[in-house]
Amino acid sequence: MRLSKNQKVIIVMGPAGSGKGTQAKLLAKKFGLEYVGSGDILRARQKVGDFTGKKLIKVMGSGALVPSFVVVKTLGDALERLKRQPKIKGMVLDGWTRIIFEAILTDEALNWYDWDKNVKVILLNISRRTSYNRLTKRRQCKKCGRLIPWAGEFKKLKKCDKCGGELITRVDDNLESIKKRLEEYKNQTMKAINYYRKQGRLIKINGEPSIEDIFKEILKTL
Ligand SMILES: [Zn+2]
């Protein structure tokens with residue numbers, strides 16, 4: 001089955017703390033698209049008690065990067081599942097293109113599933129200082145894994161607004177780990193971003209303002 005012209009694929013990119021997960025979910029809701037986030041899907045993958053499931057618990061728990069092979073395989077499995085939904089309107093991809101290999105293989109996967117006709121890449125730019133600031137203050141639900149951004153109304157939350165679970169600081173949101181992630185972004189993810197830029201597919205958005213204002217800016221470009 002071919003996708004109709006209206007079906008959208010939106011890839012959201014940005015450094016840690018740029019709010020890409022939040023914006024990706026808002027976009028999915030607005031356009032009735034599937035939210036396909038690497039964090040959620042890899043956490044669900046941990047629950048399969050096989051070799052990869054058990055190893056993911058260890059690797060993700062230590063804050064290390066999940067290897068590209070596992071990331072791309074997991075994305076492929078997710079796209080295969082989505083392909084079974086005949087009325088799907090499209091999807092928002094979050095966290096699958098951290099390095100150029102993954103960007104290229106994501107393109108191949110989208111092409112394989114005939115989802116490559118209407119792909120937009122949104123980059124949320126923030127300063128290093130903002131990244132540090134937001135990451136050291138954001139919280140995560142202990143129960144369902146939901147990340148609560150340090151922004152607007154979310155600052156007031158005492159418990160998870162989805163499941164009522166306890167809110168904690170994420171294991172890998174410490175200064176050393178944040179520094180490492182930002183270095184990886186500069187050294188690796190920038191190459192993936194340049195790959196999209198060279199193809200004229202990159203839409204740059206200022207990620208510094210409020211969640212609502214960023215979202216409005218994104219909508220103007222789509
Ligand atoms: Zn929760």
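**Notebook: zinc site, sheets and a helix pair**

I began with Cys 160, which counts as buried because its relative accessibility is 5%, under the 20% limit for that label. I note here that the model is a predicted one, and I read every value below with that in mind.

I then looked up Cys 144, which has a relative accessibility of 40% and therefore counts as partly exposed.

Next I turned to the metal. Which residues coordinate the zinc ion? I found the SG atoms of Cys 141, Cys 144, Cys 160 and Cys 163, at 2.3 to 2.4 Å. The angles among these four donor atoms run from 100 to 115°, and I recorded the site as tetrahedral. For reference, I wrote down that the ideal angle for four tetrahedral donors is 109.5 degrees. Along the sequence, the donor residues follow the spacing C-x2-C-x15-C-x2-C. Cys 144 sits in the loop between strand 5 (139-141) and strand 6 (147-148), while Cys 160 sits in the loop between strand 6 and strand 7 (167-168), so this pair ties together parts that are 16 residues apart in sequence.

I went on to the strands around these loops. They make an open, antiparallel sheet of three strands in the order 6-5-7. Strand 6 and strand 7 are its edges, and since each has a single partner strand, one side of each is left without a neighbour in the sheet.

Strand 1 (residues 8-13) and strand 3 (residues 90-94) run parallel and are joined by five bridges, and Ile 11 stands opposite Leu 93 of strand 3.

My last entry concerns helix 2 (residues 38-46) and helix 3 (residues 51-61), whose axes come within 7 Å and cross at roughly 125°. The two helices are therefore oblique to each other. Among the residues making the contact, I listed Leu 42 and Arg 45 from helix 2, and Leu 56 and Met 60 from helix 3.

Methods. Residues numbered from 1 in each chain as written. Predicted model: local features only at pLDDT ≥ 70, side-chain atom pairs only at ≥ 80, totals over all residues. Heavy atoms only, no water. Pairing = 2+ DSSP bridges. Helix = DSSP H or I, 4+ residues; strand = E, 2+ residues; numbered from the N terminus. Donors = N, O, S within 2.8 Å, 3.2 Å for Na, K, Ca; no water. Tetrahedral: all angles 85-135°; square planar, octahedral: opposite > 155°, others 65-115°. Buried < 20%, exposed > 50% of the residue type's maximum accessible area, 1.4 Å probe, protein only. Axes fitted to C-alpha atoms, helices over the stretch in contact; angles between N-to-C directions. Parallel < 35°, antiparallel > 145°, perpendicular 65-115°, else oblique. Contact = heavy atoms within 4.5 Å.
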